[in-house]
Amino acid sequence: MKRGTQLSRRGALKLFSAAAAGAALTGCGLSSGSSVPLRVGPGSITPVPELEGVPFTVGSKDFTEQIVLAYIAEFAMAAAGADVRDLSNITGSASARNALVSKQIDLLWEYTGSSWISYNGKTDPIPDARAQYDAVRELDIEANGVTWFALSLKADNTYAFALNQENAARLGVEKLSDLKRVAQQNPQELSFCVESEFASRNDGLPGVAQAYGFQVDQSKVETLSTGPIYSATATGKACNLGEVFTTDGRIQSLDLKVLEDDKQFFPRYNLAMTTRVDMLERYPQLESVFAPISARLDNQQLLDLNAGVDVDGRDPADVARGWMVEQGFVTAPDAA
């Protein structure tokens with residue numbers, strides 16, 4: 001995933017004002033979208049009379065997972081009979097969110113932690129995924145006119161630490177709590193590759209160390225950008241432990257071992273669909289279109305979808321439609 005957007009999910013979003021986000025939208029010419037790139041026919045999603053011919057613009061942020069999810073939403077809405085426009089790949093999470101609020105897009109897959117922490121400035125995340133969702137949904141309805149639906153409790157794109165399989169077996173680690181033992185018995189083995197901001201934030205490496213009771217030797221902390229972190233963690237030469245995102249396809253392709261966050265330190269970033277309150281009130285049928293999709297989406301599905309683009313080099317629209325066809329939600333009338 002592109003780290004610029006991942007950073008914006010956290011503290012970097014606080015650098016954006018609504019005016020700046022609006023200016024970015026105007027500068028990028030986001031007043032209209034393009035047509036859906038591939039055709040689909042009905043599958044388990046069939047035409048919905050109330051949605052027939054209704055114009056909907058689907059947006060996304062500018063990293064792989066979001067773009068694939070946007071196409072999934074577009075194909076779902078097309079199968080339901082809507083007149084769908086594609087406005088995926090909006091630069092910056094703040095700009096994508098502002099596009100939804102300002103009615104330039106109508107549907108946006110979002111992460112609960114992004115709204116709670118970055119958009120609404122809440123400093124204390126809620127560990128329970130359902131409680132976090134309920135809290136952010138209530139807040140967004142009241143404060144921003146944005147509502148949430150079709151939550152996936154199994155899709156959580158949050159932070160994690162990973163090792164290559166050899167180092168994980170050698171150190172005998174399965175969960176973050178195991179790092180305290182490593183720090184006590186083999187402190188030289190506790191080496192980290194992280195991004196520069198993560199190295200100093202309270203919800204980053206310092207917070208993890210405090211929550212799990214181990215000391216970090218700063219001489220054993222390498223600060224790298226996202227891609228090199230995955231490579232360095234896979235080789236295990238620059239560091240044993242790397243900061244990763246739990247749905248990044250590179251975890252799978254590099255066969256990394258993700259440590260369980262057994263104290264639930266990291267915020268929940270569960271996936272759900274967002275729209276404006278008035279849109280869902282006008283078209284409550286949206287919930288029945290997207291609920292089955294969210295029920296199928298979990299971290300493994302997202303890992304596979306992301307890997308299809310970032311590892312296999314396939315087009316995001318092809319990956320999205322292939323998954324929708326595989327799951328039976330749509331058909332592909334023009335497929336060979």
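What follows is a chat about a predicted model.

Biologist: What should I keep in mind about the source here?
Modeller: This is a predicted model, where local features need pLDDT of at least 70 and side-chain atom pairs count only at pLDDT 80 or more, while totals for chains, interfaces and linings use all residues. Residues are numbered from 1 along each chain as its sequence is written, and side-chain values use heavy atoms, with hydrogens and water left out.

Biologist: Is Glu 110 buried or exposed?
Modeller: Glu 110 counts as buried, at 1% relative accessibility, where buried means under 20% relative accessible area, exposed over 50% and partly exposed in between, with a 1.4 Å probe and protein chains only.

Biologist: And where is Glu 110 found?
Modeller: Glu 110 is found in strand S5, residues 107–111; strands are DSSP runs of E with at least two residues, helices are runs of H or I with at least four, and both are numbered from the N terminus.

Biologist: Which residues does Glu 110 touch?
Modeller: Leaving out residues up to four places away in sequence, Glu 110 touches Lys 61, Tyr 119, Trp 148, Asn 270, Leu 271, Ala 272 and Thr 274, contact meaning heavy atoms within 4.5 Å.

Biologist: Switching to H10, which residues are buried there?
Modeller: In helix H10, residues 226–235, the buried ones are Thr 226, Ile 229, Tyr 230, Ala 232 and Thr 233. Seen down the axis of H10, they fall within an arc of 165 degrees, so they line one face of the helix, the arc being that of the directions from the helix axis to the C-beta atoms.

Biologist: What follows H10?
Modeller: Gly 236 follows H10, and its phi is positive, near 70 degrees.
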